[in-house]
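Try each one before reading its solution.

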Amino acid sequence: MIELPGIYNYLVVVFLMMAGFYVVIAQGNLIKKLVGLSLFQTSVFIFYISMGKISGGEAPIFVEGASLYSNPLPHVLILTAIVVGVATTAVGLAIVVRIHEAYGSVEEDEINAKDLVDDAITEEAPSVNSRESQ
Amino acid sequence: MSFMDHLPILVVIIPLLTAPLCVLLNRPILAWFVSILSALISFFIAIQLVFQVNELGTISYWLGGWEPPWGIEYRIDLLAAYVLLIVTAIASLVMLFAKKSVEKEIPENRIAYFYAAFMLAFAGLLGIVATGDAFNVFVFLEISSLSSYALISMGKDRRALNASFTYLIMGTIGATFILIGIGSLYMMTGTLNMADLAARLPEVADTRTVRAGFAFLTVGVGLKLALFPLHLWLPNAYAYAPSVVTAFLAATATKVAVYLLIRIILGVFTLDFSLQLMPLDTLLVTLGLIGIISASLVAVYQGDIKRMFAYSSVAQIGYMVLGIGLATTTGLTASILHLFNHALMKGALFIALGAIAFRIGSTSIKDFSGLGKRMPWTMAAIVAGGLSLIGIPPTVGFISKWYLVLAALELELWPIALLILVGSILAVIYIWRLVEAAYFGKPNPYQYVQEAPLSMLLPLWILVIANFYFGIQTDFSIGLASSAASELSGVGR
């Protein structure tokens, strides 16, 4: 029989990772893209947490007299990565808010279409000396 | 420990602490002042570090006194010291140029925040170079990336927002790939210290986990590097970001990513592993060449000059990656040389474009008509930078291309040498378009244009003169690049 429990976590990691990655690529809605990105990042958190765990391992330092410890370092590392992930989502959402203000849409194809119009305008418009600064 | 022993950490910490200071001061002029001050201090520290490394060899600094591999180690070797030097030098010059450009392009109530984000990006880049710890690299990478997303989104045009979002998505995927790679390596070796990783990896090199980790790391850095098929975020991000940000990022961010790639391929993994177990050389050479030719071709057709030079950056990254892919000491020397030289030329070119944007509010080619007479100093600098980009002696661009061709010929790869030259000819075409418009076009009679102010011309011409100086006085740069290259490939063997 295959030892399922040993690799079970990693299967979940790969599934979540691919699901998140697919959403980032396939979805046109910017918010959904960010959801996918968060999912993608979260799968890596599980990856790190799983690798530190030893079956039957105790919490280090906390339990006295135990001889088998789980490695706490990956867990600590991933705390940092979680903070990074939260920051990324925050910056991403802030940009989406401003995109919505500027374009009136959060759909990628509509924004790109408006970008093309902008490109055409800058290409053709007669040169303007004093473009007003905001 | 004396004050001097703490330089490896101070070079990173000073800009990092300047960022919150900028926000607290919250006055444009004060924020600018502390920013340029901290950039200059970092620059002097970097000079000091170069002397220390030259004299005493690689510096290993233990954070909090914890011995590596348990504690975090900051490791400054020859290459790291010089990359620190170039990043801090460019940052200082860009800060000098920034004052007027930022006043014009950024709304006044956001200027202090702009400088704060700029300092964070700067600190992040320095951290990536200085650290000897793999996880620390990821953290600094994210510090610099997150702040550059914010910086790019401050561009005047609304397209800057879309460009910034695309960069955020691709950059985060890249950083997460790097995180997965580091995780896989940690799983197999139980260490995060780069030197320790290098010592432990050979034992487990032939496992799928390590190979997958290597692949994730390479692709992740490739995204940050804007290596050919992963470069889609770069042209728009550079084209619509504020001029100061473009000048800084184009001259430093991709260079630091190239440094990271060299570190990973040669410092953490060995050359044998990268080339024999993994087909990295074929991959890098092929992608590098496709990048050079295709990005140069696209650059020829760009109507916006900032975007044209952004595509040219993708092509130049192709040259650097090509040198690494050739995997000889000469090839690596060429890559390291081009890393410095490209920083000098793209720094000069984007600062010049910033000066033009400052005066005429546009970088579109049709607005360049007759600029050769209106802004002679700025245009002369662009032409000089362009010559360096093409690789005409006696500029620095010639030196690095010469070494690259030499490396290709050493391996008797004639087609590669030929393609490098084709890339140069394409550069001639897109630079010529600019020269034609500026010097042979008629100036717009309704437009009154002045020469750029001195605070912009000064950093611009310092960089242009550096382009020629290091093209003539080659001992310094070549000596450094070849000794760094042999040091690295020596580690590899």
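**Exercise 1.** How many residues does the largest nonpolar core have, and which residues have the most contacts inside it?

Solution. Keep in mind that this is a predicted model. Start with the count: the largest nonpolar core holds 227 residues. Next, look for those with the most contacts inside this core: they are Leu84(B), Val94(B), Val129(B) and Ile351(B). Then ask which helix gives the most to the core: that is α3 of chain B (residues 78-105), with 20 residues. Finally, list the partners of Leu84(B), leaving out residues up to four places away in sequence: Val11(B), Ala46(B), Leu49(B), Leu126(B), Val129(B) and Ala130(B). As background, nonpolar side chains tend to be buried together in soluble globular proteins.

**Exercise 2.** Find what chain A brings to its contact with chain B.

Solution. First take the totals: 35 residues come from chain A and 35 residues from chain B. On the chain A side, the elements giving two or more residues are α2 (30-52), α3 (73-103) and α4 (108-124). Of the elements on that side, α3(A) gives the most, with 14 residues. Now sort the chain A side by class: 19 residues are nonpolar, 10 polar and 6 charged.

**Exercise 3.** Decide whether Asp5(B) is buried or exposed.

Solution. Begin by locating Asp5(B): this residue sits in the segment before α1 (7-25) of chain B. Asp5(B) has 12 C-beta neighbours inside 10 Å, and a residue with 12 or fewer is exposed. Asp5(B) therefore counts as exposed. To finish, check a pair 56 residues apart along the chain: the C-alpha atoms of Asp5(B) and Tyr61(B) are separated by 7.9 Å.

Methods: Residues are numbered from 1 along each chain as its sequence is written. Chains are lettered from A and ligands numbered from 1 in the order in which they are written. This is a predicted model: local features need pLDDT of at least 70, side-chain atom pairs count only at pLDDT 80 or more; totals for chains, interfaces and linings use all residues. Two residues are in contact if their C-beta atoms, placed from the backbone, lie within 7 Å. Helices (H or I, at least four residues) and strands (E, at least two) are DSSP runs, numbered from the N terminus. Ala, Val, Leu, Ile, Met, Phe, Trp, Tyr, Cys and Pro count as nonpolar, Asp, Glu, Lys and Arg as charged, and the others, Gly among them, as polar. A residue is buried if 20 or more other C-beta atoms lie within 10 Å of its own, exposed if 12 or fewer, and partly exposed in between; C-beta atoms are placed from the backbone. A nonpolar core is a set of buried Ala, Val, Leu, Ile, Met, Phe, Trp, Tyr and Cys residues joined through C-beta atoms within 7 Å.
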